[in-house]
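Below are my notes on the model you sent. They go point by point, from the overall make-up to single residues.

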Amino acid sequence: MNCIIRPCTVKDCKVILQFIKEIAVHYRLPPTDVKVTLEALREDGFGAQPQYDCYVAELPPQQTNKEGGIVGYVLSSFTYSTWKGRNLYVDNLYVQPQFRGQQIGKRLIEKAAQEGATFHKALDQVKTTPEALREDGFGRHPKFGCLVAEVPPDHRSKDGRTIVGYQFHYFRYCTWQGRLVFGEDLYVMPEFRGQGIGTSLLSQVAKVRLAPKFSLSSSPNCVGQIWGQWAIAPSVGPDPQLALAHGCTQLRFMSANWNQPATALYKKLGAVDVTARDNWLVWHIEGQAVGEMAKRATQ
């Protein structure tokens with residue numbers, strides 16, 4: 001089969017949106033559950049600040065009985081792990097049912113892996129270093145945002161720290177909902193837990209990252225808001241553009257199933273356990289397997 005894997009163009013967005021609705025039907029959900037619009041797909045994929053990458057699988061029109069010949073796609077965005085560094089997140093991999101079993105899905109995801117590793121030169125990156133955090137958070141193209149909880153010097157921790165917690169996040173793209181914020185880490189030192197610091201860190205993420213507009217001060221001591229004897233402050237880099245989120249309406253995160261205090265906190269804040277509700281599974285392709293996928297895309 002003469003299948004071509006190529007980058008998606010703005011003209012392909014109409015087909016991609018139709019495929020997204022087909023996925024909703026596959027999961028026995030009404031197409032109305034798809035909130036992303038054609039205009040959002042075009043702006044968020046091909047505007048001034050692209051939020052995702054997309055590749056399509058195309059066959060000659062005579063093999064598909066339709067104009068255009070697009071039979072599948074893979075849509076991905078870059079995420080960040082405080083343990084692993086840069087990652088590629090695949091939001092959708094879809095091939096129309098009549099064209100499955102022909103290695104099209106395999107070729108699509110291998111292409112996404114190859115392009116992601118090539119762009120970020122990250123095939124051999126297996127863990128985060130202080131240098132990587134500085135570059136990826138405060139370089140020319142920041143990959144994440146971070147808020148810290150800071151106490152006055154006279155309320156420092158037992159080991160002398162004034163920064164007692166942090167919340168680490170980045171932007172991601174969902175084909176059903178559009179732009180969203182993913183919370184990678186939420187941490188408060190044990191001796192400062194139970195004082196509402198974790199709640200306020202997440203609340204500040206919602207204010208700073210989900211609000212239509214928010215500009216960060218360039219001062220490293222800027223404080224977003226004061227709560228009692230501690231404060232939430234943006235961890236500011238030379239380019240604060242990461243904070244200028246437009247249209248994000250959702251905050252996502254993962255937690256360990258044994259961490260009951262965190263589970264209680266998230267439920268209190270109105271979070272929904274989608275693993276229990278929707279039966280989603282989270283999959284990782286790591287290390288050597290990623291490199292092998294990328295190499296196969298060039299064969």
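1. The secondary structure comes to nine helices and ten strands. The model is a predicted one, so the remarks below concern computed values only. Of the protein's 299 residues, 41% count as buried. Among contacts between residues at least 6 apart in sequence, 62% join residues at least 24 apart.

2. Strand E3 (residues 70–81) has eleven of its twelve residues buried, so the rest of the structure largely encloses it. On one pairing, E3 meets strand E2 (residues 53–58) in the antiparallel sense over six bridges; here Glu 58 has Ile 70 of E3 as its bridge partner.

3. E3 also pairs with strand E4 (residues 85–95), again antiparallel, through ten bridges. Within this pairing, Val 74 is bridged to Leu 93 of E4.

4. In helix H1 (residues 13–26) the residue to look at is Ile 16. Ile 16 has a relative accessible area of 3% and is therefore buried. Leaving aside residues up to four places away in sequence, Ile 16 touches Cys 8, Leu 41, Cys 54, Val 56 and Tyr 73. The C-alpha atom of Ile 16 is separated by 9.2 Å from that of Thr 175, although the two residues are 159 residues apart along the chain.

5. Which residues of helix H7 (residues 260–268) are buried? They are Ala 262, Thr 263, Leu 265 and Tyr 266. These cover an arc of only 160° around the axis, and so they lie on the same side of H7. The face turned away from that buried side carries Pro 261, Lys 267 and Lys 268, which are exposed. Just after H7, Gly 270 takes a positive phi of about 95°.

6. Asp 185 is buried yet has no salt bridge, and the nearest side chain of opposite charge, that of Arg 193, is 11 Å away. The Asp 185 side chain does make a polar contact with the side chain of Tyr 166, at 2.7 Å. Not counting residues up to four places away in sequence, Asp 185 touches Thr 82, Tyr 166, Gln 167 and Phe 168.

7. How many salt bridges are there? The count comes to five. One of them joins the side chains of Arg 6 and Asp 12, with an N to O distance of 2.8 Å. Asp 12 is buried, at a relative accessible area of 8%.

8. Another salt bridge links Arg 161 to Asp 159, where the closest N and O atoms are 3.1 Å apart. Both ends are partly exposed: Arg 161 has a relative accessibility of 45%, and Asp 159 has a relative accessible area of 47%.

9. Arg 277 forms a salt bridge with Asp 278, the closest N and O atoms being 2.9 Å apart. Arg 277 counts as exposed at 54% relative accessibility, whereas Asp 278 counts as partly exposed at 33%. Elsewhere, salt bridges that share partners join Arg 6, Asp 12 and Glu 58 into one network.

Key: Residues are numbered from 1 along each chain as its sequence is written. This is a predicted model: local features need pLDDT of at least 70, side-chain atom pairs count only at pLDDT 80 or more; totals for chains, interfaces and linings use all residues. Side-chain values use heavy atoms; hydrogens and water are left out. Buried means under 20% relative accessible area, exposed over 50%, partly exposed in between (1.4 Å probe, protein chains only). Helices (H or I, at least four residues) and strands (E, at least two) are DSSP runs, numbered from the N terminus. Two strands pair if DSSP finds at least two bridges between them. The arc is that of the directions from the helix axis to the C-beta atoms. Lys and Arg count as positive and Asp and Glu as negative; His and the chain ends are not counted. A salt bridge is a side-chain nitrogen of Lys or Arg within 4 Å of a carboxyl oxygen of Asp or Glu. A polar contact is a pair of N or O atoms within 3.5 Å; within protein, one must be able to donate a hydrogen and the other to accept it, and residues adjacent in sequence count only if both atoms are side-chain atoms. Contact means heavy atoms within 4.5 Å.
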